[in-house]
Amino acid sequence: MSLSPAPRRTARRRTVGALLAALALGFAGPASAVSTASFGPTPPHNPYAGPDGTATMHGDTGSSDTTPLAGPGAGTLASSRTALASACPTVLVGADGYPVALCTPIFGQVPTVHLLDPDDGSSLTSLKLTKGSLLGGVYAYIDHQDRLVVADGSRSLLRVGHHQDGDGDWSLRVDRSLSLASVIPEDDAVTGLAPDWDGHVWFATGGGVVGTADDATGTVKALTLPAGERVANSISTAPEGTAVTTTHATYLLSSEGGTPKILWRKAYDRGSARKPGLLSWGSGSTPTFFGPAKGTEYLGIVDNADNAANLKVYRTADGSDVCSVPVLGAAKGPGSENSPVGVGRSVFVAGTYGYPYPAVPEGAGTSVPASADFAGGLTRVDVRADGSGCSLVWDNTLRSAAVPKLSTADGLLHTVVRDPLIPGTKGTSLLDPYRYVQIDPDSGKITRSTKVGVGSLYDTLQMAGTIAPDGAYLQGTVTGVLRITAQ
């Protein structure tokens, strides 16, 4: 006799809870080969966010792009696709084990939240949000109560919960809403948001408004960054403060009673124009907290200098320079739209120079040159043990088509690569093949891979993947969500 939906989900929830409890005790399961200590600490857990590794697009509120979960382990790799006719840049998982995807449909482009079945990746239910800018509604996070926190096109901060009725049917609904319109102009929109350690939700808009919101009290406070500075990526939080990188500079901010204030500002070389494969004229980085003792001593971004892409590392305490290191030299592609991966003293930078995005945000500026071959490239840089500078560890030509994730449980980098249709060439086409790969972070070499599909339906569009508690690698594409598992 088959189980009804409600009991089956309850059983699944107990299984996920057991997995998370095991991880909390330090057990990563049979696929685990490397302990967190081998890399160094990751940023501390934010008490107002969901599980580390799955709560934000970049894993945690420090945007380390790490996860304590092991990816697909031993066995034959298999891939399936949930077709949603939508680009799905954000796939997150709460403590209950249910993936939540924030997607933008190809037709209409109205942001839509999908609750996915953790067993097969199918959509259980969906909820449409108010349409905003191209990047509005891309960045979101899961809070400590398994709700998706997102700002929609109406300039409202929403907490979207998923609920199951007595018959086992699921629904998504807005559990709480707070208007941010008092501080955000009508022609502006929230780009990134993240919680701090006091429970405030920090947000940054494309037009350079940075603020905090307390949707329990209805309080919203903000400041405006210098004219002309835009925010084109998400923001990051750590106990030391909130990091925001604009098209001109990186900031660390704090708040007094929710009122934002700037602790330090560091300008970087933004180059003379936007480069092909980037979505703004400036850094493409969501700033990354990392460090060998607390996981937050350093803050890293990649600049947009004309003739190179440089990893910039600052000391979180005062913004002083640790190093500026040219990266992606082997691939000869001086540009990255992706947030660096950071853990301990190590940083990994994936190149996006020349990536053929189908659209760029309004106001992004003209690309110079107008187009280029997709160069790719992946570079590892380590901060020296005494903090006196940085050293290049390795640099290769791997063409990652997604934001890589580093698992501290299995000791591997996970991503999807875009291979050229004609081996040995650098161009891209609508018929390119895509592969899920596992990469050795010590050498930068691929240790395992499997083809996930051929053609534009499988384009991962430099979006971030997420490892689920059962080891499945969930990767958004331009048309839905891939689910890679080991059989």
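How many residues lie between β12 and β13 in the hairpin that the two strands form? In this predicted model, three residues separate β12 from β13, and G208 in the turn of the hairpin has a positive phi of about 95°. The two strands run antiparallel and are joined by four bridges, with β13 spanning residues 209-214.

Strand β12 itself, which covers residues 201-205, is mostly covered, with five of its five residues buried. V201, F203 and T205 point one way from the strand, whereas W202 and A204 point the other way, and all are buried.

An open sheet of five strands was also identified, in the order β1-β28-β29-β30-β31 and with mixed pairing. Strands of a sheet pair through backbone hydrogen bonds, either parallel or antiparallel. The edges of the five-stranded sheet are β1 (66-67) and β31 (446-454), each of which pairs on one side only. Within the sheet, β28 (residues 405-407) and β29 (residues 412-418) run antiparallel and are joined by three bridges. S407 has L412 of β29 as its bridge partner.

Beyond its neighbours within four places in sequence, Y436 is in contact with P72, L77, H414, T415, V416, R448, S449, T450, V452, Y473 and I484. Y436 and Y473 are both buried.

Aromatic pairing was considered next, and the count comes to seven aromatic pairs. In one of them, the rings of W264 and Y314 have centres 6.0 Å apart and planes at 65°, so the pair is edge-to-face. Since W264 lies in strand β18 (residues 259-267) and Y314 in strand β21 (residues 309-315), the pair ties together parts that are 50 residues apart in sequence. W264 and Y314 are both buried. The rings of Y436 and Y473 have centres 5.1 Å apart with planes at 40°, so this pair is tilted. The pair links distant parts of the chain, with Y436 in strand β30 and Y473 in strand β33 (residues 473-476), 37 residues apart. One aromatic cluster is formed by Y355, Y357 and F374.

Charged side chains are also placed over aromatic rings. The charged end of R81 sits over the ring of Y458, at 5.4 Å from the ring centre. R270 lies over the face of W281, at 3.8 Å from the centre of the ring.

The model contains two disulfides. C88 and C103 form one of them, with sulfur atoms 2.1 Å apart. The angle about the S-S bond is 105°, and the link of C88 and C103 is right-handed. C88 belongs to strand β3 (residues 86-93) and C103 to strand β4 (residues 99-105), so the pair ties together parts that are 15 residues apart in sequence. Both C88 and C103 are buried.

A disulfide is also formed by C323 and C390, whose sulfur atoms are 2.0 Å apart. This link is left-handed, with -75° about the S-S bond. Because C323 is located in strand β22 (residues 321-327) and C390 in strand β26 (residues 390-396), the pair ties together parts that are 67 residues apart in sequence. With a relative accessible area of 12%, C323 is buried; C390 is buried as well, with a relative accessible area of 10%. When the bonded cysteines of the protein are numbered in sequence order, the pairing is 1-2, 3-4.

Conventions
Residues numbered from 1 in each chain as written. Predicted model: local features only at pLDDT ≥ 70, side-chain atom pairs only at ≥ 80, totals over all residues. Heavy atoms only, no water. Contact = heavy atoms within 4.5 Å. Phe/Tyr/Trp six-rings, centres within 6.5 Å; stacked < 30°, edge-to-face > 60°. Buried < 20%, exposed > 50% of the residue type's maximum accessible area, 1.4 Å probe, protein only. Lys NZ or Arg CZ within 6 Å of the ring centre and 35° of its normal. Pairing = 2+ DSSP bridges. Disulfide = S-S within 2.5 Å.
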